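Here is a friendly tour of one protein model, written to be read with the structure open. We start with the sheet and its helices, then turn to the aromatic rings.

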Amino acid sequence: MTTAVYPGSFDPITLGHIDIVNRASRLFEKVIVAIVKNPNKKSFIPFEDRMDLVSECTRHLENVEVEVFEGLTVDFAKSHRAKVLIRGLRAVSDFEYEFKMSQMNKNLSPDIETIFMMAGTDYQFLSSSMVKEVAMLGGDVSKIVPKVVHERLVKMRESTCCT
Ligand code: ADP
């Protein structure tokens, strides 16, 4: 059974991420969406809530699981007997960072292969950081994030915005 791990911050999950999960779920018997809990990186949405949002958005896919992890991605993959890491690649911007990361993971764990999936054409320029920024300035992101994420962002904006 081929298990693939799709690691990331998913802070928040966007339609670009979901497109990758949907496509990966058709290629692998099991896909684990692994939310990185990085104590050195300030979260926008707490990881427990990110876990709920990602679970809600991938509930329609029977072979997809969601987990939170700390530490090295390759160690997480090994602990789940996963031999594949999935990463998404957007136009130009992701290449260098992703290339370095995949080389490092290969050094750490030669048995684990990183597989890159090109971002869908509609999602090439979509990033969580852009979504956060626009949403907190009151912009409409309903077409680029799942409904539950949009609702959450609207609530966050309302709670930070003066009345
Ligand atoms: P990280 O902090 O690990 O980069 P992200 O949540 O930003 O976490 O991204 C997780 C993975 O999803 C990365 O491989 C990233 O390149 C990919 N990704 C991010 N946005 C998109 C998108 N719009 N379309 C396809 N892949 C994406």
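## How the strands pair

Two strands count as a pair if DSSP finds at least two bridges between them. In this predicted model, strand β4 (residues 84-89) and β5 are joined by six bridges and run in the parallel sense. To find one of these spots on your screen, look for I86, whose bridge partner in β5 is I115.

## The sheet as a whole

Zooming out, five strands form an open sheet with parallel pairing, in the order β3-β2-β1-β4-β5. At its edges are β3 (64-69) and β5 (113-118), each of which pairs on one side only. On average, neighbouring strands of this sheet are turned by 30° against each other, direction ignored.

## Helices on the sheet

Helix α1 (residues 15-27) packs on the sheet and touches β1 (3-8), β2 (30-36), β3, β4 and β5. The direction of α1 makes about 120° with that of β5.

Helix α2 (residues 47-57) also packs on the sheet, where it touches β2 and β3. The direction of α2 makes about 170° with that of β3.

## Aromatic rings

Rings of Phe, Tyr and Trp pair if their centres lie within 6.5 Å, and planes under 30 degrees apart count as stacked. By this rule there are three aromatic pairs. One of them is stacked, because the rings of F95 and F99 have centres 5.4 Å apart and planes at 15°.

Both F95 and F99 belong to helix α4 (residues 95-108), where they sit four residues apart, about one turn of the helix. F99 has 42% relative accessibility, so it counts as partly exposed.

Methods
Residues are numbered from 1 along each chain as its sequence is written. This is a predicted model: local features need pLDDT of at least 70, side-chain atom pairs count only at pLDDT 80 or more; totals for chains, interfaces and linings use all residues. Side-chain values use heavy atoms; hydrogens and water are left out. Rings of Phe, Tyr and Trp (its six-membered ring) pair if their centres lie within 6.5 Å; planes under 30 degrees apart count as stacked, over 60 as edge-to-face and the rest as tilted. Helices (H or I, at least four residues) and strands (E, at least two) are DSSP runs, numbered from the N terminus. Buried means under 20% relative accessible area, exposed over 50%, partly exposed in between (1.4 Å probe, protein chains only). Axes are lines fitted to C-alpha atoms, for helices over the stretch in contact, and angles run from 0 to 180 degrees between N-to-C directions. Contact means heavy atoms within 4.5 Å.
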